[in-house]
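Reader: I'm new to reading protein structures. Could you walk me through this one, a piece at a time?

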Amino acid sequence: MSFGVYFHIPYCLQRCHYCDFATYEIDTILPPADYLQLVKKEMKLRAPAIPYKNIDSIYFGGGTPSLLKPDNIVSLIKELANLGFKFNPNIEITMEINPGTNFNTNIDGFIAGGINRFSVGAQSFNDQQLSACGRKHTANETHQTLGLLKKNKLNFTLDILFALPNQSLYDVSDDVEKALSYSPKHISAYCLTVPEGHKMSTNRAVDSIQVEMFDLIESKLKQNNLNKYEISNFCNPGFESIHNMIYWKDQPYWGIGLSAHSYFPSQSLRFWNPKSIGEYKNLINNTERSILNLNKISSHLKPRNFEFLQLHEVMTDYCHIHLRTMQGLPKEALRNRFSKEQIYLIESRLTLLEQQGLIKQCNSFWSLTKSGALVSNVVFDKLYFSATDLPSKSDFSTL
Ligand SMILES: C[S@@+](CC[C@H](N)C(=O)[O-])C[C@H]1O[C@@H](n2cnc3c(N)ncnc32)[C@H](O)[C@@H]1O
Ligand code: SF4
């Protein structure tokens, strides 16, 4: 079992046009020092209820954590220790960094404070594309950040966006080549996702070209020993992100700060903080009593901010998260987790998807085919289970 902690840092230099994360331009909300006070109070209030004390991964995401000073970030790690949490000797501590955020001045402080993995939001190495995305940094600043990480022999990953408006196969190839020139051990490649009608939803490559873009990325990365281990994630063997694997292997995590999500499978509990800074601030400022037991989460959060998962939701989540990984859904784990009738229901849906060429199976696993991975949302839609799908109440007993 692994346990992870996520801190959300909701500040950005600018709001990128495509972004749907809970973040604000830095001067438009309370100053970071005040936000960190709220976060620390939240930690104190909830820590007594957290059933795991040994941490395998800490992740500072956002937002733009690299806008904060090293002392600020490190103070959150120290607060975990003050609250009695222990750090696994091989703990992975990741921080997202954006080019153009004074990282070169602060890098030593972050390293000294324990950050041992950096995730660079490169997105593209083309200035026109960066500007069309609404990003403030230039490709040159990304080169500087990556150069610094490489020079210091640090463990880093970078994010690339593809299928951007007016982006050609050649442009994607160029972005990947530039990323590879820094020999990263890990890369995430995301296909731009924006709703219909969004200003970035036009002039994009047609579906078949988007498929070619992804194939090109995958094959170039493979040539560099960066193997796909999840729909959008590639790494050298042994460099899988512990943080990601906690999400995809049904392991517990505690999310702290604005909009952060937590999951405790043994309690079948998910909870999440409000997405609006005003609501988050009120929630934390107006709570004085610590929560001692996760089953009492309702004394602390509004009903719309938590759910005790019902069986059909557990089945849905279990299929979705495992199928995101290259290994897939382990048949043995299904047998241990669900009753025969429940497995029959899951496997009959998987078999239909297999007949459509979207799912494949071997002796031990069900997994997405290449075509299935390209339309994973369609596959996941077919693997939504509702309460009325369930065979009968008596089958609930195995959970
Ligand atoms: C939580 S964001 C924060 C990273 C960092 N603030 C940055 O933008 O460089 C993590 C990654 O999600 C990806 N992402 C954000 N919005 C997206 C979207 N609409 N479609 C696809 N990927 C997206 C980007 O590649 C981004 O680097
Ligand atoms: S910098 Fe990252 S988190 Fe901030 S708005 Fe842009 S994509 Fe979103």
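Reader: How many bridges link E15 and E17?

Author: Strands here are DSSP runs of E with at least two residues, helices are runs of H or I with at least four, and both are numbered from the N terminus. Two strands count as paired if DSSP finds at least two bridges between them. E15 and E17, the latter covering residues 365–368, pair in the antiparallel sense, and their number of bridges is two.

Reader: Before we go on, how should I treat this model and its numbering?

Author: This is a predicted model, where local features need pLDDT of at least 70 and side-chain atom pairs count only at pLDDT 80 or more, while totals for chains, interfaces and linings use all residues. Residues are numbered from 1 along each chain as its sequence is written, and chains are lettered from A and ligands numbered from 1 in the order in which they are written.

Reader: Which residue is the bridge partner of Leu-329 in E17?

Author: Let's take the E15 bridges by residue. Pro-330 has Phe-365 of E17 as its bridge partner. For Leu-329, the partner in E17 is Trp-366.

Reader: What is the order of the strands in the open sheet?

Author: E16 pairs with E17 too, antiparallel and over three bridges, with Lys-360 opposite Ser-367. A hairpin of three residues joins E16 to E17. Put together, the three strands form an open antiparallel sheet in the order E15-E17-E16.

Reader: Which strands are the edge strands?

Author: An edge strand here pairs on one side only.

Reader: What angle does the direction of helix H12 make with that of E16?

Author: H12 spans residues 340–355 and packs on the sheet, touching E16 and E17. Contact means that C-beta atoms, placed from the backbone, lie within 7 Å. Axes are lines fitted to C-alpha atoms, for helices over the stretch in contact, and angles run from 0 to 180 degrees between N-to-C directions. For H12 and E16, the angle is about 110°.

Reader: Is Arg-349 buried, exposed or partly exposed?

Author: Arg-349 sits in helix H12 and touches Lys-382 and Leu-383, leaving out residues up to four places away in sequence. Buried means 20 or more other C-beta atoms within 10 Å of a residue's own, exposed means 12 or fewer, and partly exposed is in between, with C-beta atoms placed from the backbone. Because Arg-349 has 18 other C-beta atoms within 10 Å, it is partly exposed.

Reader: How far apart do the C-alpha centres of domain 1 and domain 2 lie?

Author: The domain bounds come from an automatic or database domain assignment, which gives domain 1 as 4–246 and domain 2 as 311–398. Six residues of domain 1 are in contact with six of domain 2. Their C-alpha centres lie 30 Å apart.

Reader: Which element gives the largest share of the side of domain 1 that touches domain 2?

Author: Helix H7 (207–223) and strand E9 (227–230) each give two or more residues to that side. The largest share is three residues, and it comes from E9.

Reader: How many residues surround ligand 1?

Author: A residue counts as near a molecule if its C-beta atom, placed from the backbone, lies within 6 Å of it. The closest ones are Tyr-18, Gly-121, Asp-159, Tyr-190 and Thr-193. Strands E4 (54–62), E6 (117–123) and E7 (156–162) each supply at least two residues of this shell. The number surrounding ligand 1 is 17.

Conventions:
Two residues are in contact if their C-beta atoms, placed from the backbone, lie within 7 Å.
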